[in-house]
Structure formats: C-alpha cells, structure tokens
Amino acid sequence: MTNNGYELDPDPNALPPPKPHNYRRHAVTTDKKQKREIESDGRPTRHIPIEIVEALLTSMNPKDAMRLSVACKDWRATAAQFDPTKWKTPWLITTEFQNPTCSLRSVVDKEITFKIELHGYPVTRTLFCNCSHGWLVANPSNYSRMLLLNPFSRAWLQLPPCLLAPTFFLCMSSAPSNPDCVLLARDFVNHLYVWRPGDQSWTFEKDVLELFDAILSFEGQFYTWDNHRGCLTIFRVLPLQLRKLMVPCPIDRSGYCRSNTSLVECGGNILLVYVMEHCDESLVIFLFQLDLEKQMWIKMESLGDRALFMNIPFKHAISVLATEARCANCIYFTHFLQPSSDVEIISYNMDSHSIERFPKLVKHGAQQYNYSQFWITPNLS
C-alpha cells in the first residue's frame with residue numbers, strides 16, 4: 001500500500017524476488033552451452049538429475065556407458081567415474097564356456113558388477129585359460145590356434161599354429177599391442193616356443209625348458225622357480241640363454257594338503273608367494289622377497305603400501321599401489337580351492353592376519369570347469 005492508501009500496479013520491468021539460497025540444484029544437461037549448475041523453477045527442461053545419470057551408468061556395459069560421454073562435457077565427466085579402463089585396480093572377470101557375455105566385479109566396492117559382451121572373435125566355443133596385461137588367453141583346442149582377446153577394446157589376435165599340438169600359454173612380457181611383447185608357450189613335451197607381434201610363425205627353441213612351479217617376466221628377462229629343486233632360472237630367448245641359481249626353498253610344504261606358488265613383481269622386487277591350505281581348510285600365506293646378490297629368499301611380514309591380486313591356480317599375480325586399489329597390505333585371490341562353494345573372493349590382511357570372504361553375486365555354470373575367473377587390469381591397448 002502507498003501512503004495515500006492505494007495499491008500500486010506491479011511494474012512489468014521489475015526484477016523477480018530473489019529465490020531461497022537452497023533453491024539451486026545440481027543436474028546434468030545435454031546442452032553444451034548451459035552451465036553445469038542451473039536453477040530449476042519447475043518448468044520443463046532438458047536437464048537430467050545427476051543421480052539418474054549415475055543410476056543408468058551403473059547398470060550399463062562399461063563400453064556403452066563411455067559412449068554416452070560424447071553427449072556433453074557434464075555427461076563426459078560423470079561417465080568417466082564409471083569407466084573401469086581408467087582405474088588401475090584389478091577387477092575379477094568371469095568367463096563361461098559358450099557364453100559371449102562375461103562379468104566384472106569390483107574389489108573396491110564388492111557390490112558393483114558389470115557385464116561385457118565378447119562378440120566378434122572367431123572362436124565361440126572357447127574357455128579362457130589365463131589372463132595377462134589385460135588380455136584373456138585361450139589355449140588351442142582341436143588343433144586350432146591360440147587366441148588373445150582384450151574384453152574392453154574387443155581387439156583379438158589368433159596366433160600362428162605350432163608344429164606340435166596342443167600348445168600351452170606360459171607367459172607374456174607385455175600386452176600384444178606392444179611391439180616389444182614376447183609371448184612364451186610350450187608343447188606337451190615341454191619344448192619352448194616364442195612369438196612376437198608381426199611374426200607369421202612361432203620360433204622354436206631347441207633347448208627344452210625344465211619344469212617349474214611359477215614364471216615371471218621382469219625387466220626384459222624371464223624367471224622360473226622350481227620348489228622341488230630349489231632352482232631359480234633366469235633366461236632370455238631368441239636365442240635361449242639360461243642362468244640357473246640354486247636358492248634354498250624357504251618353506252616345507254609337506255604339512256599342507258594343497259598349495260599354490262606364484263612369482264610377482266612388486267615395487268621393483270621379485271616376490272615368491274605361497275598360498276597353503278591345511279586339511280581343515282584353513283589358509284596360510286607366506287611371502288618372500290628375492291635377494292639376488294645373496295641368492296636367498298627373505299621372509300616378508302608386510303607389503304607396505306602395496307596390494308597383491310593372485311590369479312590362482314594360474315600362477316600369475318598383479319601388484320598395485322594401495323592408492324590405486326584403495327586397500328593396503330592385503331592379498332586378494334579367488335576361492336580356487338573350493339570353486340563349488342558360495343565364496344568368490346578371499347581377502348587376506350597381512351596386518352591382522354585375518355581372512356575375509358565375499359560371496360558370489362552372479363550365478364555361474366553348474367560345472368566348475370565351465371567357467372574361469374581372473375584378476376584383470378582393464379586397458380584399451
């Protein structure tokens with residue numbers, strides 16, 4: 001009201017009253033020219049709340065989720081959080097025989113799973129037998145060829161046939177997309193074969209590589225360890241050059257029902273890891289570091305700022321920084337000793353010497369031999 005009692009007509013040019021300070025809300029927009037943070041007054045908009053976007057991305061195939069990142073900068077920023085190829089933490093990948101879909105399970109948030117379609121490679125009746133540098137490996141069957149498949153980029157390689165069949169994958173120094181990659185395989189009489197990117201055939205090494213319990217590629221050389229003889233073999237290929245060191249086996253394995261031996265590179269050192277099972281199914285883990293100068297294994301009580309992911313029984317392991325795995329001084333492995341149980345992941349804490357078991361989230365084939373599980377570090381190379 002005015003001083004003389006009359007109500008003024010609203011000024012059409014006047015500014016609207018200010019909105020409460022908490023009226024603003026976050027949303028994701030498909031318009032690149034709009035700001036990320038916008039005001040909503042209830043009118044229809046093209047803006048989708050970020051919570052809805054995140055819910056959609058979580059339920060999508062990672063590759064399809066990343067395709068949405070081209071919509072706008074805001075979607076790109078949100079989708080990047082759900083891209084496993086940007087995380088250096090290994091994921092648990094499960095593949096099944098004759099199933100073109102595999103599943104990924106997070107170790108950081110053990111309730112998160114993804115599905116990946118594996119279409120496009122030439123061998124459909126394949127059960128993958130190993131995993132290295134983000135690539136799945138299928139040994140030849142029925143005189144077919146060894147197959148390498150990257151489940152994230154969907155790139156695949158079918159390697160040349162060998163003179164003798166079947167052949168068995170041993171080790172790969174790096175991803176096969178790297179021109180310096182060296183891949184080792186053997187036949188049923190333990191002859192050694194070598195393949196490098198671009199080779200049209202395998203190179204046959206005349207010398208026979210003696211049997212071993214674990215193998216590792218480290219700084220341009222290969223290392224094998226034989227528990228029975230206490231023999232560490234260091235070698236190069238093309239041509240085969242061997243150096244054998246007699247290193248006493250650091251433990252007595254006779255008191256355990258089952259055991260698995262792995263070599264792993266960890267922070268520039270070579271570690272020997274034993275996962276042992278008593279008859280009552282209790283587990284014990286022993287960790288040793290190689291002292292090459294003294295030619296001995298030194299027992300370790302801690303991984304420090306590292307975490308290990310054991311691909312058991314495939315004798316392959318991955319070491320990552322705790323900042324990448326978001327878990328320090330822990331060892332993760334699949335429940336390889338009892339694959340028919342409801343347990344899928346086992347975590348061993350070296351600080352408390354405690355074991356934590358995580359149940360299966362996805363039902364696999366009825367027969368344990370119809371599916372395989374590996375720790376895999378996603379990459380697109």
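Tutor: Two strands pair if DSSP finds at least two bridges between them. Strands are DSSP runs of E with at least two residues, numbered from the N terminus. The model is predicted, so local features need pLDDT of at least 70 and side-chain atom pairs pLDDT 80 or more, while totals for chains, interfaces and linings use all residues. Residues are numbered from 1 along each chain as its sequence is written, and side-chain values use heavy atoms, without hydrogens and water.

Student: How many bridges join β26 to β27?

Tutor: Strand β26 covers residues 330-334 and β27 covers residues 343-349. The two run antiparallel. Phe333 has its bridge partner in β27, namely Ile346. The number of bridges joining the two strands is 5.

Student: Is Asn190 buried or exposed?

Tutor: Asn190 lies in the loop between β13 (183-187) and β14 (191-195). Buried means under 20% relative accessible area, exposed over 50% and partly exposed in between, with a 1.4 Å probe and protein chains only. The relative accessible area of Asn190 is 11%, so Asn190 is buried.

Student: Which backbone oxygen does the side chain of Asn190 reach?

Tutor: Asn190 touches Val208, Leu209, Glu210 and Leu211, not counting residues up to four places away in sequence; contact means heavy atoms within 4.5 Å. Asn190 and Leu209 are 19 residues apart in sequence and 6.5 Å apart in space, C-alpha to C-alpha. At 2.2 Å, the side chain of Asn190 reaches the backbone oxygen of Leu209.

Definitions and conventions:
Helix = DSSP H or I, 4+ residues; strand = E, 2+ residues; numbered from the N terminus. Polar contact = N/O pair within 3.5 Å; in protein donor to acceptor, adjacent residues only side chain to side chain.
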